[in-house]
Amino acid sequence: MIEYALKHPDKLWKPLLQHLELLLVVMIVSLILAALLTITAMTSKPISNTMLHLFSIIYSIPSLALFALLIPITGLGKITAIVVLVIYNQYLLLRNFIAGLNDVDPSMIEAATGMGMSRMQLLFQVRVPLSTKALFSGLRLASVSTIGMATIAALINAGGLGSLLFDGLRTMNVNKILWGSLLSASLAIVTNGILIQMEKRIQNHNPS
Amino acid sequence: MSLKAIEFNQVCKQYSQSGDFVVDHVNLSINEGEFITILGSSGSGKTTLLKMINRLYEPSEGTINLFGEDIATIDPVKVRRKIGYVIQQVGLFPHMTIAQNIATVPKLLKWPQPKIKERVDELLNLVGLDPKEFKNRYPSQLSGGQQQRIGLARALAIDPKIMLLDEPFGAIDAITRLHLQDELMRLHGGLKKTFLFVTHDINEAFKLGTRVMIMNNGKVSQFDTPQSIVKNPADSFVSSLMRSSREQERFWEGLD
């Protein structure tokens with residue numbers, strides 16, 4: 001196994017880099033979209049309920065089916081993978097974001113509103129800083145799930161560690177299977193760890 | 001005729017269409033500089049009445065004027081920024097220092113930094129806390145009484161003409177409470193502001209108020225100076241309230 005890695009290093013780090021690139025793009029787009037949707041959802045309860053319901057339905061569609069459904073529209077390749085993964089992430093992110101933002105101590109909301117904060121000021125100055133825990137757990141959940149689901153995206157030619165895995169399966173190459181599994185699992189664990197550290201750093205600024 | 005600080009005209013509040021009146025056709029007027037205490041049991045409508053003044057609740061009927069202006073016609077955010085608001089749970093922001101908490105509204109109004117700093121020090125001195133010692137602490141590092149002092153300072157930050165206080169000392173121990181009551185009276189005397197103070201503690205209401213408003217079932221039973229209320233209780237509810245207080249007094253004398 002080590003021998004394989006030493007002999008063909010490019011066969012490992014290329015898919016790993018592709019996977020990382022996919023993860024990064026998906027998370028950036030997901031976060032931007034989720035932030036916009038959350039701000040919209042915070043304006044009214046019915047809107048937020050409808051949104052969560054809608055995304056929970058989409059989330060229940062198996063990823064392979066959703067990839068297949070989108071191929072006629074966006075074709076084979078990265079774009080389709082990004083679209084699907086971003087849509088899946090919306091459910092994980094929105095559910096955590098909305099729950100966290102609504103979970104802030106009502107007395108703080110009352111004090112802030114009574115002082116004359118507008119809805120947006122309340123959101124950004126009170127709700128967001130007081131729900132970092134929920135925001136980060138959504139972010140972590142979405143990142144780890146993206147890493148896992150992105151391996152399946154190799155089936156629609158999006159590259160990444162999935163291609164290593166599926167190649168290995170097709171040619172019965174144990175080295176490829178093992179390295180594919182090991183690398184995608186480690187990527188998930190390391191990403192999760194980095195995000196936990198980031199969260200701790202941010203929370204150290206406000207001792208409770 | 002001098003301008004009234006606060007006027008209620010036939011103000012009602014129902015939480016549902018068919019429901020009972022929580023506040024039932026209330027008319028009242030309050031002059032600038034008065035210290036009004038609103039006394040009533042829970043469910044009497046006292047907090048609802050207070051929260052309609054800063055538009056946290058909207059009246060179902062009637063109008064409320066602040067200095068002659070109908071507040072229903074003003075943006076709620078603007079109304080609230082002219083009114084100081086203190087609640088029992090204080091509601092300090094745990095992620096901000098004491099100085100940042102007090103500076104919340106001045107920052108929203110984009111005051112220059114040096115002016116904010118100066119104001120924070122001034123307010124901390126006003127509520128009896130040493131600025132040097134407390135400015136950079138976080139709310140969790142303060143006692144309940146100290147936290148409520150900060151709540152007061154934060155509400156006073158932009159020098160509002162009206163202060164609404166919703167059972168501010170309700171969760172504070174008896175001794176600290178007496179201190180805070182005295183300081184609040186001192187503050188009111190020096191500031192020429194109109195205070196509205198909700199409480200269910202009859203001693204607190206009669207000690208602090210220049211006038212006391214007694215509420216029962218959404219109606220104002222009596223609204224007068226403490227002396228007049230004691231001399232001429234308006235109805236059986238007010239009389240029973242007085243009686244209960246006297247009984248308590250006798251209980252203490254009996255222990256002596």
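Trainee: What makes up the secondary structure of chain A in this predicted model?

Mentor: In this predicted model, chain A has 10 helices and zero strands. Read along the sequence, its pattern is α-α-α-α-α-α-α-α-α-α. The C-alpha trace of chain A spans about 65 × 40 × 20 Å along its principal axes.

Trainee: How many of the residues of chain A count as buried?

Mentor: Of the 208 residues of chain A, 45% count as buried. Chain A exposes about 10,600 Å², and carbon and sulfur atoms supply 70% of that area.

Trainee: Why is A:Asn89 called buried?

Mentor: The relative accessibility of A:Asn89 is 1%. Buried means under 20%, so A:Asn89 counts as buried at 1%. A:Asn89 is found in helix H5 of chain A, residues 78-102. Leaving out residues up to four places away in sequence, A:Asn89 touches A:Val26, A:Met27, A:Ser30, A:Ala142, A:Ser145 and A:Thr146.

Trainee: Why is A:Ile2 called exposed?

Mentor: A:Ile2 has a relative accessible area of 58%. The term exposed applies over 50%, and therefore A:Ile2 is exposed at 58%. A:Ile2 lies in helix H1 of chain A.

Trainee: Which residues make the nonpolar surface patch that includes A:Ile2?

Mentor: The patch is made by A:Met1, A:Ile2, A:Leu6, A:Val174, A:Leu178 and A:Leu182, and its area is about 590 Å². Helix H1 (2-7) and helix H10 (174-203) of chain A are the elements that give two or more residues to this patch. The largest share, three residues, comes from H10(A).

Trainee: What makes the pair A:Lys176 and A:Asp167 a salt bridge?

Mentor: The closest N and O atoms of A:Lys176 and A:Asp167 are 3.7 Å apart. A side-chain nitrogen of Lys or Arg must be within 4 Å of a carboxyl oxygen of Asp or Glu, so the pair at 3.7 Å counts as a salt bridge. A:Asp167, A:Arg170 and A:Lys176 are linked in a network of salt bridges.

Trainee: Are the two partners, A:Lys176 and A:Asp167, buried or partly exposed?

Mentor: A:Lys176 has 13% relative accessibility and counts as buried, because buried means under 20%. A:Asp167 counts as partly exposed at 27%, because that value falls between the limits of 20% and 50%. A:Lys176 has its place in helix H10 of chain A. Apart from neighbours within four places in sequence, A:Lys176 is in contact with A:Tyr4, A:Lys11, A:Leu164, A:Asp167 and A:Gly168.

Trainee: How do you know that the salt bridge of A:Arg140 and A:Glu199 links distant parts of the chain?

Mentor: The side chains of A:Arg140 and A:Glu199 meet in a salt bridge at 3.1 Å, N to O. The two residues are 59 residues apart, with A:Arg140 in helix H8 (residues 132-152) and A:Glu199 in helix H10 of chain A. A:Arg140 is partly exposed, with a relative accessible area of 22%, whereas A:Glu199 counts as buried at 9%.

Trainee: Which salt bridge in chain B links distant parts of that chain?

Mentor: B:Asp182 forms a salt bridge with B:Lys207, with the closest N and O atoms 3.1 Å apart. B:Asp182 is in helix H8 (residues 174-191) and B:Lys207 is in helix H9 (residues 202-208) of chain B, 25 residues apart. Over all chains, the count comes to 18 salt bridges.

Trainee: How many residues of each chain take part in the contact of chain A and chain B?

Mentor: The contact takes 20 residues from chain A and 23 residues from chain B. The two chains bury about 1,800 Å² between them, 67% of it on carbon and sulfur atoms. A:Glu110, A:Gly114 and A:Met115 supply 32% of the area that chain A buries against chain B, more than any other three residues.

Key: Residues numbered from 1 in each chain as written. Chains lettered and ligands numbered in written order. Predicted model: local features only at pLDDT ≥ 70, side-chain atom pairs only at ≥ 80, totals over all residues. Heavy atoms only, no water. Patch = residues over 30% accessible without salt bridge, like charges linked within 9 Å, V, L, I, M, F, W, Y side chains within 5 Å. Areas by Shrake-Rupley, 256 points an atom, 1.4 Å probe, with all protein chains shown as cover. Helix = DSSP H or I, 4+ residues; strand = E, 2+ residues; numbered from the N terminus. Buried < 20%, exposed > 50% of the residue type's maximum accessible area, 1.4 Å probe, protein only. Contact = heavy atoms within 4.5 Å. Buried area = accessible area lost by both parts, 1.4 Å probe.
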